[in-house]
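Biologist: Please show me the model, and I will ask about its contacts one at a time.

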Amino acid sequence: MDIFLQQIINGLVQGSIYALVALGYTMVYGIMGLINFAHGEVVMIGTLVSITVVGLLIGAGMPAGLAGLCGLVVAVLVCMGLGWSLERVAYRPLRGAPRLTPLITAIGMSIVLQNLAMILWGRNYLTFPPLLPKVSFELAGTHFTLVQVAIVAISAATMGGLLLLIYRTKLGMAMRATAQNPAVASLMGINANRVIAAAFVIGSALGALAGVMVGSYYEIAHYQMGFMLGLKAFTAAVLGGIGNLAGAMLGGVLLGIIEALGAGYIGDLTGGFLGSHYQDIFAFVVLIGVLMFKPSGLFGEKAGDRA
Amino acid sequence: MLEVTGLHVAYGGIQAVRSITFHVNEGETVALIGANGAGKTTTLKAIARLVDAAGGDVHFRGEKIVHAAPHDIVRKGIALVPEGRGVFPRLTVAENLRIGAFIRNDAVDIEKDLETIYGYFPRLREREDQLAGTLSGGEQQMLAIGRALMSRPKMLLLDEPSMGLAPIMVHKIFEVIRAVAAAGMTVLLIEQNARLALESSQRAYVMESGEITLNGASTALLHDPKVRAAYLGE
């Protein structure tokens, strides 16, 4: 029972991060039907930029917490610019092209960004300086750290803010309208290019936040880290129903918990044959299962619903 | 107010609209009638810039708009109620109306206009918080017209407002269209129901296979033997 609760908590932390990244996939897909496979790399760039900034500031004598905040701000701004440029340079010229073309371009951009990061930050693992004091709490037989609490709290607050933005502001209304019917949205005076750019910029900002969280949670980063994280977040978006915001949030948290429980029990279930380092297979079992049995995901809209 | 000269529209080599010329004066209701596939919808879409013109010119209040960006058309004062209504199904009724006022920033007047629309269509007020996709066809048409009016247009383009609706709904909707026109709105109306269109307009153009073949005062066309035979089922 203790393991069970403990793994739920671990899964919630990891799942919050998946959810933030999954939102980036789902917002872009909802508005333009594109799976931006370079999104995982945007997250990775967010992590690496924050490592550099935090390292410099701590080296200059700034307290770790404040340096972390500055690192976060810089990473968010850099990733927003990166997301905006990706759309402008790689995807906008392909508007109206067959769907496969931008998809392949997205994979290409992902490779470009990985290599760019390798050139800038090298091939080695980088250590992420601890940003928060290593305090841990004990509750009902489970342990958790301050970093874990911060990740879940900040994710929840950010997602709440995103929902307010999408459901309570004019920009959000324009984004929802464009997702439902771009031609009629333009009749209302909504500039589709701006709405699409906004989806990329907002998604990338969430990705950067997730990147800083991953970095400070595992205290390690690498130019290839975006690949697996991106695939899992994409799985979370599909699980929730791609294009659906609440779906991405729930899908992320669920996937995190499934993975954590799987990792916690896989040893017992296979009599020690498979260990917890096989945890990655759960995400893909989930992906295959969703695609086979409910391709529209938990909250997915019918295919014909996208105008 | 609106002047279309020699407008050409082609879809993949097929000439949907062939060099048509017509105009709509300020405050006038003009009908464009014709059979299915005559090019009426394409003409409206070209004016609203949802499709590109292959040739010709469109001027609105003296300004050339044939190459304007689609999202700028409503800013110039033209609101299109598209064929099939095009309401946003997963926005509420109130949100659909508010997004009609997307280009406006005068919050107080937007609320006033919302009340005016609810006055025209009390049914919409009752369903204010319902998703538009759950409305009946007639209610969606009311919503689409209300949404277009929310931009405070100088000219309203209506694409088949009676399509697929029960007679009582058609009656209600045309009552509002006539009231809006009587209040001074310039209207370009496309209708397959030629009698309704001619009875609701001052002038009309008849389109056949992408060309305008006939035009004149609506009352005259109502009594024209060719129109009666081809479009009024007599």
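This is a predicted model: local features need pLDDT of at least 70, side-chain atom pairs count only at pLDDT 80 or more; totals for chains, interfaces and linings use all residues.

Biologist: Which residue of chain A forms a salt bridge with B:Glu95?

Modeller: Across the interface of chain B and chain A, the rule finds one salt bridge. Its closest N and O atoms are 2.8 Å apart, and B:Glu95 is joined there to A:Arg176.

Biologist: How is the side of chain B that touches chain A divided into nonpolar, polar and charged residues?

Modeller: Helix 2 (70-76) and helix 3 (93-100) of chain B are the elements that give two or more residues to this side. In total, 23 residues of chain B are in contact with 19 residues of chain A. Those of chain B divide into 13 nonpolar, four polar and six charged.

Biologist: What area is buried between chain B and chain A, and which three residues supply more than any other three of what chain B buries?

Modeller: The area is about 1,900 Å², with carbon and sulfur atoms giving 64% of it. On the chain B side, 35% of the area buried against chain A comes from three residues: B:Phe88, B:Arg90 and B:Phe102.

Biologist: Is the aromatic pair of A:Tyr25 and A:Phe234 stacked, edge-to-face or tilted?

Modeller: This is one of seven aromatic pairs found over all chains. It links helix 1 (residues 2-32) of chain A, which holds A:Tyr25, to helix 9 (residues 225-240) of chain A, which holds A:Phe234. Planes under 30 degrees apart count as stacked and over 60 as edge-to-face. With 5.9 Å centre to centre and 55 degrees between the planes, the pair is tilted.

Biologist: What is the bridge partner of B:Leu7 in strand 2 of chain B?

Modeller: Strand 1 (residues 2-11) and strand 2 (residues 14-24) of chain B run antiparallel, joined by seven bridges. Two residues lie between the strands of this hairpin, where B:Gly12 takes a positive phi near 45 degrees. The bridge partner of B:Leu7 is B:Ile20.

Key:
Residues are numbered from 1 along each chain as its sequence is written. Chains are lettered from A and ligands numbered from 1 in the order in which they are written. Side-chain values use heavy atoms; hydrogens and water are left out. Two strands pair if DSSP finds at least two bridges between them. Helices (H or I, at least four residues) and strands (E, at least two) are DSSP runs, numbered from the N terminus. Contact means heavy atoms within 4.5 Å. Buried area is the accessible area (1.4 Å probe) that two parts lose on being put together, summed over both. A salt bridge is a side-chain nitrogen of Lys or Arg within 4 Å of a carboxyl oxygen of Asp or Glu. Ala, Val, Leu, Ile, Met, Phe, Trp, Tyr, Cys and Pro count as nonpolar, Asp, Glu, Lys and Arg as charged, and the others, Gly among them, as polar. Rings of Phe, Tyr and Trp (its six-membered ring) pair if their centres lie within 6.5 Å; planes under 30 degrees apart count as stacked, over 60 as edge-to-face and the rest as tilted.
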